[in-house]
Amino acid sequence: TAAFRARIQASATEVDARVGLAQVRSRCDIPFAEMMEKLPLVDEANTLLTEALAIDSTHWEARFSLAMNHFHTPAFLGRGASAAHELQTLLRQQGDHAERPFYALPYLYLGDLHRREGREAEARAIWAQGARLFPADARFTERLSAAPAPAGGGGGPGGAVAVRPAAMGNGGRAIALPGLVVDGGSRLDDA
């Protein structure tokens, strides 16, 4: 992190170092932080990403990282609308371009967010749009063929979302967390 901080100090317009430091916070520090330390780390990462976007509003990685930070924040903090805004901005920015496989991600996560919020028709519409652009991406077929989430905003207890099973060592049992049900130990960011 010292190298990223040095680059930021050296140049007020350094975007990649801000994004890099934000990703260190999001991907490396948060998973190992104590519960009460996580939100300040997310907020620090989001500040760095917001600064990066103020310098370069079309920086795809910065905007996607900010969207994912909001997406993975517990629902009671109310950041779902911010995640949707960032994902919709990415979709407008990239248009119908499909030459980069990672351009499928905003379609996948925006659909997941709509489903989590009980907006099944919107989820299916965005996944169908993504499937047209990325026909080889099986994740769209999986989501479109999955049973719709129950009415009322979510796929499980307390508006939780069910995530596909993974070959983990807990015998395939669902693990319930507030606002999230993870089957077999898989994580939402494995999508």
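Let me begin with how the elements are assigned: helices (H or I, at least four residues) and strands (E, at least two) are DSSP runs, numbered from the N terminus. With that in hand, the residue I would like to start from, Thr89, is found in helix α5.

Before going further, a word on what we are looking at. This is a predicted model, in which local features need pLDDT of at least 70 and side-chain atom pairs count only at pLDDT 80 or more, while totals for chains, interfaces and linings use all residues. Residues are numbered from 1 along each chain as its sequence is written, and side-chain values use heavy atoms, with hydrogens and water left out.

As for the confidence, pLDDT is the predictor's confidence in each residue, from 0 to 100; the mean for the protein is 83, and 77% of its residues reach 70 or more. Please keep in mind that pLDDT stays under 50 over residues 153–191. For that stretch the model has 70 contacts beyond four places in sequence, where contact means heavy atoms within 4.5 Å.

Now the overall picture. The protein has eight helices and three strands, and from the N terminus on they run α-α-α-α-α-α-α-α-β-β-β. Of its 191 residues, 43% count as buried, and here buried means under 20% relative accessible area, exposed means over 50%, and partly exposed lies in between (1.4 Å probe, protein chains only). The accessible surface comes to about 10,200 Å², of which 58% belongs to carbon and sulfur atoms; these areas come from the Shrake-Rupley method with a 1.4 Å probe, and for residues only the protein chains shown count as cover. Among the contacts with a separation of 6 or more, 45% are between residues 24 or more positions apart.

Let me return to Thr89. Thr89 counts as buried because its relative accessible area is 14%. What does the side chain of Thr89 meet? One of its polar atoms lies 2.8 Å from the backbone oxygen of His85, and the Thr89 side chain also makes a polar contact with the side chain of Arg92, at 3.1 Å. By polar contact I mean a pair of N or O atoms within 3.5 Å; within protein, one must be able to donate a hydrogen and the other to accept it, and residues adjacent in sequence count only if both atoms are side-chain atoms. For orientation, the C-alpha atoms of Thr89 and Ala67, 22 residues apart along the chain, are separated by 9.8 Å.

Helix α5 also holds Gln94, which counts as buried because its relative accessibility is 3%. Its side chain is joined to that of Trp60 by a polar contact of 2.8 Å. Leaving aside neighbours within four places in sequence, Gln94 is in contact with Trp60, Tyr103, Pro106 and Tyr107.

Next, the salt bridges, each being a side-chain nitrogen of Lys or Arg within 4 Å of a carboxyl oxygen of Asp or Glu. How many does a search of the whole structure find? The search finds 13 salt bridges. In one of them the side chains of Glu51 and Arg18 meet, at 3.1 Å from N to O. This pair links distant parts of the chain, with Glu51 in helix α3 (residues 35–55) and Arg18 in helix α2 (residues 16–29), 33 residues apart. Glu51 counts as partly exposed because its relative accessibility is 34%, whereas Arg18 is buried, with a relative accessible area of 8%.

Asp29 and Arg25 form another salt bridge, at 2.3 Å from N to O, and both lie in helix α2, four residues apart, about one turn of the helix. Asp29 is partly exposed at 26% relative accessibility, while Arg25 is buried at 10%.
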